[in-house]
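Biologist: Please take a close look at a single part of this model and describe it in plain terms.

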Amino acid sequence: MNQLQNFTKGFIKENPVFILLLGMCPTLGVTTSAVNGLGMGLATTFVLVMSNLAVSLIKDFIPDKVRIPAFIVIIATFVTIVELSMQAYTPALFESLGLFIPLIVVNCIVLGRAEAFASKNNVLSSIIDGLGMGLGFAFALTLLGSVREFLGGGAIFGLKVIPGDLMLVFVLAPGAFIVLGYLIAIINRLRKA
Amino acid sequence: MEYFVIIIGSIFVSNIVLTQFLGICPFLGVSGKLSTSIGMGGAVLFVITIATMFTWLMQHYVLNPLGLEFMQTIVFILVIAALVQMVEIILKKISPSLFQALGVFLPLITTNCAVLGVAILTVQKDFNLLEGVVFAMSNAIGFTLAIVLFAGIREHLDIMDIPKQMKGMPIALLTAGILALAFMGFTGLV
């Protein structure tokens with residue numbers, strides 16, 4: 001597999017949200033608007049790239065038996081870095097993402113890529129894999145956030161397209177499940193065609 | 001009275017799965033059959049309660065006095081991971097029948113964000129130890145309620161005639177959405 005395929009597989013073919021169905025909690029929890037989705041996606045991308053990099057660098061030194069706890073400590077370290085930086089530089093986004101920032105640490109995508117990819121591949125492929133998967137995740141979250149924001153408030157990226165409130169339920173909890181359900185169904189349909 | 005508000009609030013009004021989106025992975029993954037969903041609910045109840053107790057003690061007797069609050073995420077996830085391992089070993093030794101029932105679910109729970117989420121929420125809400133434990137248990141009961149209801153519906157969906165593209169995850173998510181709508185009816189109860 002060449003590096004380009006390695007990079008692009010996260011977008012459609014192995015999209016973590018739409019195809020692999022990983023990382024559902026932040027996907028549903030933070031996508032009340034496109035900006036929140038994008039912010040969460042980029043924060044996760046940073047953690048994915050850095051943890052893939054760290055894991056692929058030290059994979060030969062970690063005894064097999066303790067590799068999962070070691071990976072978790074690496075991931076938790078980068079999550080803490082993201083958490084503190086966001087608190088300092090983007091306080092508004094930090095407020096609206098809230099609990100879901102520390103919860104990146106239990107996002108199955110991050111540990112999944114560390115275990116399935118970075119612990120078996122060299123540094124460059126691991127970084128590219130992390131970047132591709134992370135951006136695929138960010139893409140999915142932004143798409144879901146845009147649809148919900150549009151259906152709920154008639155806006156995209158905070159820009160009002162239709163005046164007044166539309167169907168508020170799409171910004172609330174049930175809307176997250178319903179929109180994601182239909183998006184996955186549409187993507188299944190497109191993949192079969 | 002205060003405890004009553006915590007219990008009703010966390011089971012119904014802000015249900016951990018259907019309004020807070022924590023623990024979605026097991027909610028969608030282990031809800032195919034009613035019996036497995038009950039097992040998962042039991043395991044979560046067990047682990048969340050113990051984990052919240054230990055993380056609360058860590059926060060108030062180790063992290064706060066030493067001024068290491070920023071280490072919260074790392075410490076909590078390590079405590080939970082170690083705890084799950086320990087529970088697994090102890091259960092295997094003292095109660096093989098309970099281990100049989102919960103065993104397969106225990107490793108999955110380390111990456112269940114409900115456990116870490118409830119532990120962090122308990123600290124954020126400034127609960128004392130007893131309130132924290134009640135809060136954790138009622139959240140776990142809320143999780144069990146949601147997953148058992150959901151599994152019951154999904155068992156019926158299996159024998160329904162569903163459009164091909166909607167089979168599996170899409171219809172499950174739509175069902176969860178409708179369930180979440182139903183739970184919105186509890187808003188404003190406490």
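In which segment of chain B is Phe186(B) found?

Modeller: This is a predicted model, in which local features need pLDDT of at least 70, side-chain atom pairs count only at pLDDT 80 or more, and totals for chains, interfaces and linings use all residues. Residues are numbered from 1 along each chain as its sequence is written, chains are lettered from A and ligands numbered from 1 in the order in which they are written, and side-chain values use heavy atoms, with hydrogens and water left out.

Phe186(B) is found in the segment after α9 (169-184) of chain B; helices here are DSSP runs of H or I with at least four residues, numbered from the N terminus. Phe186(B) counts as partly exposed because its relative accessibility is 28%; buried means under 20% relative accessible area, exposed over 50%, and partly exposed in between, with a 1.4 Å probe and protein chains only. Not counting residues up to four places away in sequence, Phe186(B) touches Phe12(B) and Val13(B), where contact means heavy atoms within 4.5 Å. From Phe186(B) to Phe127(B), the C-alpha to C-alpha distance is 23 Å, and the two are 59 residues apart in sequence.

Phe12(B) is also in contact with Leu145(B). Leu145(B) lies in helix α8 (residues 129-157) of chain B. At 30% relative accessibility, Leu145(B) counts as partly exposed. Its C-alpha atom is separated by 28 Å from that of Leu57(B), 88 residues apart along the chain.

How values were computed: Helix = DSSP H or I, 4+ residues; strand = E, 2+ residues; numbered from the N terminus.
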